[in-house]
Amino acid sequence: MAAYAARRLLAAIPILLVVSFVTFGLIRLAPGDPVLIVLGGRRVDPELIVQLRTRFGLDGDPITQYFAWLGRAVQLDFGTSYKLRQEVGDLILARLPTTVELVALSVLLAIAIGIPLGVLQARRRETAVDYAGSFIAFVGVSSPVYFTAILGVLVFAVWLGILPAFGSGSDPLDQLRHLILPAVALALGMIALTSRMTRSAMIEVLASDYIEAARAKGLPERTILIKHGLRNALIPVLTVISLQVGFLVVGTVLVEHTLGLGGLGSLITDAIQNRDYPIIQASVLMLTFLFVLLNLVTDLLYGLIDPRIRYT
Amino acid sequence: MARPSLGWRRPLALGTLTALGIVATLGPAGSVAQSPGTPTPGGTITMAVEGEPTSVDPAFDYDFVSGYATSSITEALLVFCENDTQLCPNLASDWNVSDDGLTYTFTIRDGVNFHDGTPMTVEDIVFSLDRIRNPELGSYVGWMLANVADVTAPDDHTVVVTMSQPDALVQYAFASTAAHVVKQAFVEEHGDQYGTPGVGSIGTGPFKFQEWVSGDHQTLVRNDDYWNKANGGPYLDSVIIKILPEPTTRVAGLETGELDFVLNNLPSDQYATVQGFPHVNLSFIPSYYGEWITYNTAVAPFDNVKLRQALAYAVDKAGLRQLYYGPDSPATKGTIVYPTLWSFEQDQWQAAWDALPAYDQDLDKARQLLEESGVADQLNGKTIAYYESTPSIKGIGEHFIDVMGQLGVTIEAQKITYQEAIALQFGAHDDYDIIVGAWGSDFPDPSGNLRPNFASENIAAGGANASAYTNPEVDTRLAEQNTLTDNAERSRLMIEAQALIAEDAPLISITNPGWPLATNERVQGAQVGPLWYWGSLFKDVWVTQ
Amino acid sequence: MTAATITRPSLARRVRAAPLVRNRAALIGLLLLIPLLIATFFPWLLTSADPNAQSLTQSLLPPSPDHPLGTDKPGRDVLARVIYGAAPTLLGGLVVVIVSGAIGIPLGLIAGFWGGKRDAIIMRPLDALVAFPALLLAILVVATFGRGLETAVLALGIIYVPAMARLVRSTTLVQRNLAYVDAGRALGYSDRRIVFRHILPNLVGPIVVQSSIDLAYAILDLAALSFLGLGQQPPDPDWGSMLADGRSYLLQNAIPALSAGLSIMIAVVAFNLVGDGLRSQLDPRERER
């Protein structure tokens with residue numbers, strides 16, 4: 001399995017190269033001179049433009065620039081942001097916690113709400129409860145995060161005044177309060193997927209022979225449901241969740257943009273607008289690597305769950 | 001840190017606020033209305049900026065978000081005063097200019113300490129000015145000192161700046177970040193990292209750098225050892241500068257009381273909402289800034305003066321002013337030298353103003369001029385570039401398309417980002433038809449608006465002449481006034497240039513809006529002038545408990 | 001075996017509802033689609049107001065008989081903008097699906113039927129495309145090639161190619177080994193004829209299902225790009241940009257933002273419901289439960 005994992009990671013290298021090259025090419029082709037944008041719309045000295053262009057390594061042909069960047073990137077030197085004048089590595093590390101907390105809280109919400117909802121639906125199959133659950137799931141999966149985030153602020157922060165509208169808070173408890181709105185907006189789609197996955201897995205499991213056997217033994221319904229049913233149904237559910245984490249990370253771009261959170265997502269969207277090449281290249285590369293890694297972890301999880309799967 | 005967020009709240013009925021209209025509390029120009037009470041030390045205020053600051057190194061503070069922290073930490077030799085129309089002593093207790101305008105002699109104040117307790121020396125000052133001038137550094141404000149030939153310190157309390165040629169504007173540079181005094185030893189110790197979140201900065205200012213969490217906030221704390229306690233401040237224990245890119249979160253923060261101070265980055269479509277918060281004061285600070293529509297006058301059909309005048313008459317400036325700006329946002333006639341900029345020779349400027357064409361909306365006249373131009377058909381299908389993040393800029397763009405439609409001309413929208421607009425407005429000026437632009441002088445001087453926008457030398461990349469406007473008559477006058485120190489003669493030349501420009505109509509001046517300033521009612525004593533971005537805003541601010 | 005790789009979160013793949021609910025749900029979806037389709041193709045049937053007509057004096061009015069949903073900032077009729085905003089969103093989504101199908105189906109067929117080197121040449125770049133964070137790629141493409149509905153639609157169309165290609169490839173792999181293909185070979189039919197005349201018709205079911213699900217996501221993504229200011233150009237109405245626009249005066253008048261946001265949601269729900277219903281009808285693998 002270790003050899004399989006190593007081979008998969010090796011296979012990711014050409015993907016990362018392609019992604020980095022495409023990113024590089026696209027952003028270089030984009031109109032808008034980063035030097036002028038950095039100088040921010042006030043008076044500029046022509047000599048300064050020339051000087052900054054040299055400093056940013058924007059002289060010479062793009063192919064040479066790409067390989068120069070690649071040479072430094074393999075040593076994990078991602079350069080300095082044009083606009084923010086900080087090391088790109090430091091910037092990403094500084095912004096990462098917000099994004100990670102947001103994603104983690106969303107996953108927790110999806111588990112804490114989605115799984116019980118799915119179990120309940122399976123238990124009350126084809127009743128009003130089940131239909132209501134399915135309906136909620138459909139709406140959840142169809143909700144644009146940028147809309148639910150706005151709606152959340154309007155309802156919970158402005159009208160009801162029970163949650164803060166923005167920011168990251170001071171102490172841990174306060175930070176949690178600040179993350180609730182964005183996390184719920186982000187988690188809605190995932191709650192929907194989790195509940196529906198749980199529902200179908202539970203239905204499958206509850207129809208199996210050993211549950212019949214457990215029933216025949218006269219075990220209490222709660223024990224059957226939780227200990228025998230859910231435990232077995234949980235495996236595919238958790239796999240789906242792990243697959244979704246990558247999408248949540250990208251989904252934070254929209255939530256952070258909408259609610260003005262200073263995470264990785266807003267760093268990247270700002271960088272694209274500012275034509276801040278070093279940040280764009282480093283963060284797209286990092287997200288892609290994260291995708292590949294999650295992908296691999298999910299595949300390995302399959303193996304742990306189902307020993308019949310062999311990695312060749 | 002942040003105050004508890006369960007403050008005052010009330011349910012908000014949909015749409016009711018619009019009916020209230022806008023009733024601004026315009027305090028005395030340039031300040032927030034003072035309520036009775038004695039200033040007391042202590043307290044914290046939280047303010048909002050719309051993006052990550054660039055640096056706290058003054059060399060790179062040339063934008064609207066970095067200065068709140070930078071100008072509280074480090075200070076310049078001089079300071080803008082008299083509502084930012086004049087220069088006053090600061091770290092230099094006195095200064096004089098030689099008659100030929102080539103030598104500036106500064107007497108340096110004694111007993112000023114940096115935040116680490118060490119005294120500020122003339123060596124630090126010479127180092128600071130030379131550092132900004134050094135092209136290797138790539139300072140964003142280095143151009144201000146371009147005509148400086150040499151900086152020396154003949155004794156322990158004198159600094160002499162020698163010019164290579166007279167420069168009417170360089171005096172103002174000494175009150176900007178270009179003349180902020182940094183501590184030589186600290187800057188040399190940290191090199192490239194100076195001014196970044198991990199290192200910060202030290203200076204002589206009323207507040208000290210405490211922390212900067214990238215993407216979240218900056219925190220400043222009071223400098224108890226501050227040299228200038230003439231007005232009693234600094235009072236505040238600390239100032240928290242929150243980075244909040246989303247306008248509605250800033251408004252929500254004002255409402256909940258989580259934010260105490262929002263300047264400039266309050267979009268005009270939020271004025272009515274903020275006006276409805278009983279615990280928030282909204283005022284408008286006069287500005288040197290204006291918004292306008294321009295076109296590339298170097299190419300057809302915009303090289304036709306009749307057509308340009310027709311466009312100027314087509315736009316409903318009064319309607320736009322009413323809808324997208326604060327109350328009583330002033331009319332500007334055909335110029336961007338706004339009355340706020342008349343910092344000298346006011347009578348001359350007033351007389352000139354009275355003679356300027358106003359270009360109030362007149363669709364019949366616009367039609368007639370279009371007809372006379374003979375090139376009206378070439379207008380069809382031209383594009384207007386504008387960004388949407390500022391409601392007034394977006395509103396101007398959409399209105400232009402709408403009103404041209406009324407004249408039977410189809411204009412297409414070219415929606416761009418703020419950053420792309422900057423790249424267009426300061427690029428080679430050959431890659432757009434029509435653009436909605438904005439500009440505000442860095443200094444209290446009409447030249448600060450005229451020269452960048454209308455001198456042909458500023459058409460090249462980096463310049464601000466977004467109209468690609470060339471008029472040799474204008475060029476010679478603008479160049480000549482810059483070498484003089486006699487303001488009466490300078491005004492005469494600039495007024496002649498202004499008249500020529502107004503007739504040529506290279507741009508459609510919409511208004512000269514005030515900077516919106518929203519403060520929680522507990523915030524007292526803020527002195528905010530037209531050049532707030534160069535100033536230390538929190539020096540004498542205090543809060544009621 | 002190699003395990004699954006990450007694809008778009010295909011709701012239909014992972015989520016199943018009871019057939020009863022599913023069909024009833026599909027009916028609801030179809031009912032929701034009717035007004036959306038009328039708004040897309042015959043907007044003038046639903047409103048007589050001009051969605052772009054400004055009236056600077058009638059800014060942000062509350063609902064009234066003249067303006068059932070009130071007006072926006074420059075005094076435009078919100079209801080008319082919601083109705084006329086359907087076309088760019090829905091037709092845009094449709095084009096995304098057509099583009100992804102036009103590229104993805106042939107690629108999937110070739111990779112699946114001939115396999116080997118062709119398979120590798122086609123699928124490797126698509127793997128790289130899948131690894132690219134989709135929304136970021138779309139933002140980058142639009143930043144590069146200029147904002148506008150066309151660019152946004154094209155960018156999403158390409159981003160949706162791998163999902164379609166993979167589906168077609170895997171289904172083709174199954175079909176390739178079925179008896180009718182061998183029979184066709186025995187009759188001397190060319191490979192091309194077998195692929196396009198015999199295999200392709202058998203893929204129609206899964207392709208239609210995938211397309212309807214993709215359509216729901218395309219609408220969501222397209223609206224997201226518009227919301228970020230990268231889609232439909234002003235002043236023409238579009239739900240995503242209306243939402244972004246309305247957000248800035250949300251506290252003054254929430255109706256423009258709410259009506260745009262709800263329109264997006266309703267459209268996505270409708271296509272998701274219809275897609276799920278189609279699956280139960282067209283996809284034999286889904287029938288048993």
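Where in chain A is the place of A:L267? Hi everyone, let's start there: A:L267 is in helix α11 of chain A. Helices here are DSSP runs of H or I with at least four residues, strands are runs of E with at least two, and both are numbered from the N terminus.

A word on what we are looking at. This is a predicted model, where local features need pLDDT of at least 70 and side-chain atom pairs count only at pLDDT 80 or more, while totals for chains, interfaces and linings use all residues. Residues are numbered from 1 along each chain as its sequence is written, with chains lettered from A and ligands numbered from 1 in the order in which they are written.

Back to our leucine. Is A:L267 buried or exposed? A:L267 counts as buried because it has 29 C-beta neighbours inside 10 Å. The cut-offs are these: buried means 20 or more other C-beta atoms within 10 Å of a residue's own, exposed means 12 or fewer, and partly exposed lies in between, with C-beta atoms placed from the backbone. Leaving aside residues up to four places away in sequence, A:L267 touches A:L91, A:R95, A:I279, A:S283 and B:G215. Contact means that the C-beta atoms, placed from the backbone, lie within 7 Å. A:L96 is 171 residues from A:L267 in sequence, yet their C-alpha atoms are 9.8 Å apart in space.

Between chains A and B, 46 residues of chain A are in contact with 48 residues of chain B. On the chain A side, α3(A) gives the most, with 7 residues. By class, that side has 21 nonpolar, 16 polar and 9 charged residues. Here Ala, Val, Leu, Ile, Met, Phe, Trp, Tyr, Cys and Pro count as nonpolar, Asp, Glu, Lys and Arg as charged, and the others, Gly among them, as polar.

Chain A also meets chain C, with 49 residues from chain A and 45 residues from chain C. The chain C side divides into 37 nonpolar, 4 polar and 4 charged residues. Chain C itself has 13 helices and 0 strands, and 56% of its 289 residues count as buried.

For strands, look at chain B. Which order do the 4 strands of its open sheet take? They run β4-β5-β7-β6, with antiparallel pairing; two strands pair if DSSP finds at least two bridges between them. β4 and β6 of chain B stand at the edges with a single partner strand each, so one side of each has no neighbour in the sheet. Inside the sheet, β5(B) and β7(B) pair over 5 bridges, and B:Y104 has B:V161 in β7(B) as its bridge partner. Helix α3 of chain B lies across β5, β6 and β7 of chain B, at about 170° to β6(B). Axes are lines fitted to C-alpha atoms, for helices over the stretch in contact, and angles run from 0 to 180 degrees between N-to-C directions.

Last stop: two helices of chain B. The axes of α14(B) and α16(B) come within 11 Å and cross at roughly 50°, and the two are therefore oblique to each other. Angles under 35 degrees count as roughly parallel, over 145 as roughly antiparallel, 65 to 115 as roughly perpendicular, and the rest as oblique. Where they meet, B:S447, B:L450 and B:F454 in α14(B) touch B:M494, B:A497, B:Q498 and B:I501 in α16(B).

Notes
Contact = placed C-beta atoms within 7 Å.
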